[in-house]
Amino acid sequence: HACMVCFLQGPRERESITLVDTPVVQELKDRLQVSEDLRPATPANITTLRVKSESGSQTYVLKMKYSDTIGDVRLHISRLRPKASNSFKLKTTFPTREFSNDSATLNSCGLIPSGNLILVPLKL
């Protein structure tokens, strides 16, 4: 799967941000191909998730539907990190909460209209 990568300069020298090419991103791109006067309104049920890697050096930005699931988030992240595959937990920092139910929707997890998650390595 393709993704867009931007390198930002900031407090960390090589922090990178990856916009993950989710179905929602593709729909938004397709929408821009229609002339402005015929273009449908931007859907209101889209959330933006920022997911920090275990080291904090990588941020993944995912545009997803409220009805997408934690499992969908895992799938998109795993596709970008084949070596790490599914060897991570998804958590929020404040309040601390772990998302382990892959069938839970982003809406039911309170990750709308946006959310910040961190990847935590699984302890084997």
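Which residues does Cys109 touch, not counting residues up to four places away in sequence? Cys109 touches Ile70, Arg97, Phe99 and Ala104. Contact means heavy atoms within 4.5 Å.

This is a predicted model, so local features need pLDDT of at least 70, side-chain atom pairs count only at pLDDT 80 or more, and totals for chains, interfaces and linings use all residues. Residues are numbered from 1 along each chain as its sequence is written, and side-chain values use heavy atoms, with hydrogens and water left out.

**Figure 1. Overview of the protein chain.** The chain holds 2 helices and 7 strands. From the N terminus, their order is β-β-α-β-β-α-β-β-β. Helices (H or I, at least four residues) and strands (E, at least two) are DSSP runs, numbered from the N terminus. Of the 124 residues, 33% are buried. Buried means under 20% relative accessible area, exposed over 50%, and partly exposed in between (1.4 Å probe, protein chains only). The chain exposes about 7800 Å², with carbon and sulfur atoms supplying 55% of it. These areas come from the Shrake-Rupley method with a 1.4 Å probe; for residues, only the protein chains shown count as cover. Among contacts between residues at least 6 apart in sequence, 57% join residues at least 24 apart.

**Figure 2. Strand E4 and its partners.** Strand E4 covers residues 58-65. Because 6 of its 8 residues are buried, E4 is largely enclosed by the rest of the structure. Strand E2 (residues 16-20) pairs with E4 in the parallel sense over 4 bridges. In this pairing, Leu19 stands opposite Val61 in E4. Strand E3 (residues 46-52) pairs with E4 in the antiparallel sense over 7 bridges. Two strands pair if DSSP finds at least two bridges between them. E3 and E4 form a hairpin with 5 residues between them. Gly56 in the turn has a positive phi of about 85°.

**Figure 3. Thr59 in strand E4.** Thr59 lies in E4, and Lys52 stands opposite Thr59. Thr59 counts as buried, at 0% relative accessibility. Leaving aside neighbours within four places in sequence, Thr59 is in contact with Glu15, Ser16, Ile17, Thr18, Arg50, Val51 and Lys52.

**Figure 4. The largest nonpolar core.** This core has 18 residues. Those with the most contacts inside it are Leu49, Val51, Leu62, Ile70, Ile77, Leu90 and Leu111. E3, E4, helix H2 (70-80), strand E5 (88-92) and E7 each supply at least two residues of this core. A nonpolar core is a set of buried Ala, Val, Leu, Ile, Met, Phe, Trp, Tyr and Cys residues joined through side-chain atoms within 4.5 Å. Leaving aside neighbours within four places in sequence, Ile77 is in contact with Val51, Tyr60, Leu62, Phe88 and Leu119.

**Figure 5. Surroundings of Cys109.** Cys109 is found in the loop between strand E6 (97-99) and strand E7 (114-121). At 7% relative accessibility, Cys109 counts as buried. The C-alpha atoms of Cys109 and Phe99 are separated by 7.9 Å.

**Figure 6. Salt bridges.** The whole structure has 4 salt bridges. A salt bridge is a side-chain nitrogen of Lys or Arg within 4 Å of a carboxyl oxygen of Asp or Glu. Glu54 forms one with Arg81, the closest N and O atoms being 2.8 Å apart. Glu54 lies in the loop between E3 and E4 and Arg81 in the loop between H2 and E5, so the pair ties together parts that are 27 residues apart in sequence. Arg74 forms a salt bridge with Asp102, with the closest N and O atoms 2.8 Å apart.
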